[in-house]
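Here's a quick briefing to read with the fold open in your viewer. Have a look at the chain below, then come back for the notes.

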Amino acid sequence: MKTLFLGVTLGLAAALSFTLEEEDITGTWYVKAMVVDKDFPEDRRPRKVSPVKVTALGGGNLEATFTFMREDRCIQKKILMRKTEEPGKFSAYGGRKLIYLQELPGTDDYVFYCKDQRRGGLRYMGKLVGRNPNTNLEALEEFKKLVQHKGLSEEDIFMPLQTGSCVLEH
């Protein structure tokens with residue numbers, strides 16, 4: 001019985017890993033909604049966001065690139081997401097940040113959920129993203145459920161204005 005259980009468990013883990021790797025998470029993703037924990041300063045919440053471009057680097061690692069405005073300056077951010085043993089889980093910044101990618105069933109949308117270890121405390125952030133800029137109400141409802149399941153408040157969900165990438169100064 002233990003052998004059967006172990007075989008089924010390993011098979012399921014391999015299937016989940018294969019499914020995530022086979023799904024094409026690369027490309028352009030539009031941010032439709034965001035949530036941050038209550039400790040995240042209100043003035044640091046993005047009011048406008050650009051699409052997130054995800055690129056495969058090989059070995060299951062990904063790079064996420066996006067731009068944002070801060071103090072009237074365009075800033076580009078690139079995050080190297082290193083694949084972990086757990087399907088859908090990536091680490092960044094030397095393991096200080098954990099990023100989970102979760103497909104929302106029946107939609108073209110994903111949730112990018114992040115745990116960030118900063119100065120002795122944890123910060124949480126989630127983004128509902130999709131292949132097109134239109135908000136899918138079913139996906140938004142699933143995002144709200146996931147937010148509550150993760151211990152964040154539905155009241156902390158906000159919908160930033162989707163913009164094009166800002167122009168970088170050289």
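With a relative accessibility of 13%, C114 falls in the buried class (buried is under 20% relative accessible area, exposed over 50%, partly exposed in between, using a 1.4 Å probe and protein chains only). This is a predicted model, so local features need pLDDT of at least 70 and side-chain atom pairs count only at pLDDT 80 or more, while totals for chains, interfaces and linings use all residues. Residues are numbered from 1 along each chain as its sequence is written, and side-chain values use heavy atoms, with hydrogens and water left out.

**Around C114**

- C114 sits in strand β8 (strands are DSSP runs of E, at least two residues, and helices are runs of H or I, at least four, numbered from the N terminus).
- Leaving out residues up to four places away in sequence, C114 touches K97, L98, I99, R123, Y124 and M125, where contact means heavy atoms within 4.5 Å.
- C114 and S91 are 23 residues apart along the chain, and their C-alpha atoms are 9.5 Å apart.

**Strand β8 and its partners**

- Seven of the ten residues of β8 are buried, so the rest of the structure largely encloses this strand.
- β7 and β8 run antiparallel and are joined by seven bridges (two strands pair if DSSP finds at least two bridges between them).
- K97 has D116 of β8 as its bridge partner.
- The hairpin of β7 and β8 has five residues between the strands, and G106 there takes a positive phi near 75 degrees.
- On to β9 (residues 121-130): β8 pairs with this strand in the antiparallel sense over ten bridges, and D116 stands opposite R123.

**The nonpolar cores**

- The largest nonpolar core has 23 residues, and I25, M81, I99, L101 and F112 have the most contacts inside it (such a core is a set of buried Ala, Val, Leu, Ile, Met, Phe, Trp, Tyr and Cys residues joined through side-chain atoms within 4.5 Å).
- Elements giving two or more residues to this core include β1 (27-36), β5 (73-83) and β8 (109-118).
- Another core, of 14 residues, lies apart from it, with Y100, Y113, L140 and L152 among its members.
- Not counting residues up to four places away in sequence, M81 touches N61, L62, A64, F90, S91, I99 and L101.

**K77 in β5**

- K77 lies in strand β5 and, at 33% relative accessibility, counts as partly exposed.
- Beyond four places in sequence, K77 touches A64, T65, F66, F68 and Y93.
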